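Thanks for passing this one along. Here are my notes, written to be read with the model open beside you.

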Amino acid sequence: MFTLFVIFVIAAAACFGLSRFMASSDDSDARDVGTYLSLAAKVAAVLAALCLVVASLATVPAGHRGIVTLFGKVQEPALDEGLSLVNPLAVITPLSVQVQKVQLELSAASSDQQEVSTKVTLNFAVRPAAATTLYRDIGVDYAGTIISAAIAEGVKAETAKHKAGDILTKRTEIKATMQEAVAVWLSKYGIDVKELALTEFQFSETYHRAIEEKQVQEQEAQKAKYILETARIDAEKAQA
């Protein structure tokens, strides 16, 4: 749009200059040509003005804020959703302030050094007032830059506090603590945490083997106890 505006300005200037030159000639035909060119220059000027107005209009989608950048520098404030009048040289980048979702599959070590894997789902939203600062300091890939890091740190820190065998039974407690930690981390960047969910827990093969061995040992212990109890009862019967 700005390129079209420049073309109109150049055309208008050329027509105006040529009309002035032709108008200065004594030849009547030249004066007629000059009149037409003068009219063309005026039309071109009007079109250029209209083009400038159109180029100055920017539309921001619903649920977004428009980040205004002029010659590489972020301008304040961000544009609200809808139609706005801006510098035609500015670049407008829409940044969502709607609730968004990030899903990650992460692994961490428990307090008893067992590897635990889980899927984390985080719903979050950028505060409208923080949109410009977030764009300037982090960029459009803030989800991959800070949100993923906050979730990963929260998972590692909280998983390390519990034994692998306790994680499933304490999932509600772990989820609440983890959500609070991630919320504190992201709040510094103007991002609000809406909800965090933990699903699909998986444990290492070593842990599964340890569980199986423990179950076998418990079964063997129960069997030995049964044999001893049976032998005791038989001995008592023999003495009776």
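The points below go through salt bridges, a cavity, backbone details and a surface patch.

1. A word on the ground rules. This is a predicted model, so local features need pLDDT of at least 70 and side-chain atom pairs count only at pLDDT 80 or more, while totals for chains, interfaces and linings use all residues. Residues are numbered from 1 along each chain as its sequence is written, and side-chain values use heavy atoms, with hydrogens and water left out.

2. Let me begin with the charged pairs. Searching the whole structure turns up eight salt bridges, a salt bridge being a side-chain nitrogen of Lys or Arg within 4 Å of a carboxyl oxygen of Asp or Glu. One of them joins R65 to D80, with 3.5 Å between the closest N and O atoms. R65 belongs to strand β2 (residues 64–70) and D80 to the loop between β3 (73–79) and β4, so this pair ties together parts that are 15 residues apart in sequence. Helices (H or I, at least four residues) and strands (E, at least two) are DSSP runs, numbered from the N terminus. R65 is buried, at 16% relative accessible area; buried means under 20%, exposed over 50%, and partly exposed in between (1.4 Å probe, protein chains only).

3. K119 deserves a look of its own. Its salt bridge with E105 has the closest N and O atoms 3.9 Å apart. That pair links distant parts of the chain, with K119 in strand β7 (residues 115–126) and E105 in strand β6 (residues 100–109), 14 residues apart. How exposed or buried are the two ends? K119 is buried, with a relative accessible area of 18%, whereas E105 counts as exposed at 64%.

4. K119 also meets the side chain of E200 in a salt bridge, at 3.5 Å from N to O. Here the partners are 81 residues apart, E200 sitting in strand β8 (residues 191–203) and K119 in strand β7. E200 is partly exposed, with a relative accessible area of 48%. Elsewhere, salt bridges that share partners join E76, R136 and D137 into one network.

5. Which residues line the largest cavity? They are A108, V116, T118, V155, T159, I167, I174, M178, L198 and F201. The elements that contribute two or more residues to this lining are β7, α4 (142–159), α6 (171–187) and β8. The lining divides into eight nonpolar residues, two polar and no charged.

6. On cavity size, the largest cavity has a volume of about 70 Å³, and the count comes to one cavity of 30 Å³ or more. A cavity is a set of points, on a 1 Å grid over the protein atoms alone, where a 1.4 Å probe fits but cannot get out, and lining residues have an atom within 4 Å of a point. Grid points are joined across faces, edges and corners, and the volume is the space filled by probe spheres set on the points.

7. Y142 lies in helix α4 and counts as buried, at 6% relative accessibility. Y142 and Y189 are 47 residues apart in sequence and 9.5 Å apart in space, C-alpha to C-alpha.

8. A few backbone details are worth a glance. The peptide bond from E76 to P77 is cis, with omega near -10°, and P77 lies in strand β3. F71 is not a glycine, yet F71 has a positive phi of about 55°. F71 lies in the loop between β2 and β3 and counts as exposed, at 71% relative accessibility. E200, also not a glycine, has a positive phi of about 55°.

9. Last, the surface. L57, L83 and L85 make a nonpolar surface patch of about 340 Å². Patches are made of residues with over 30% relative accessible area and no salt bridge, with like charges joined within 9 Å and nonpolar side chains (Val, Leu, Ile, Met, Phe, Trp, Tyr) within 5 Å. The accessible areas come from the Shrake-Rupley method with a 1.4 Å probe, and for residues only the protein chains shown count as cover. L85 is found in strand β4 (residues 82–85) and is exposed, with a relative accessible area of 67%.

Notes:
1 Å grid on protein atoms, 1.4 Å probe; cavity = no way out; pocket = protein on both sides within 12 Å on 5 of 7 lines; lining within 4 Å. Nonpolar A, V, L, I, M, F, W, Y, C, P; charged D, E, K, R; others polar.
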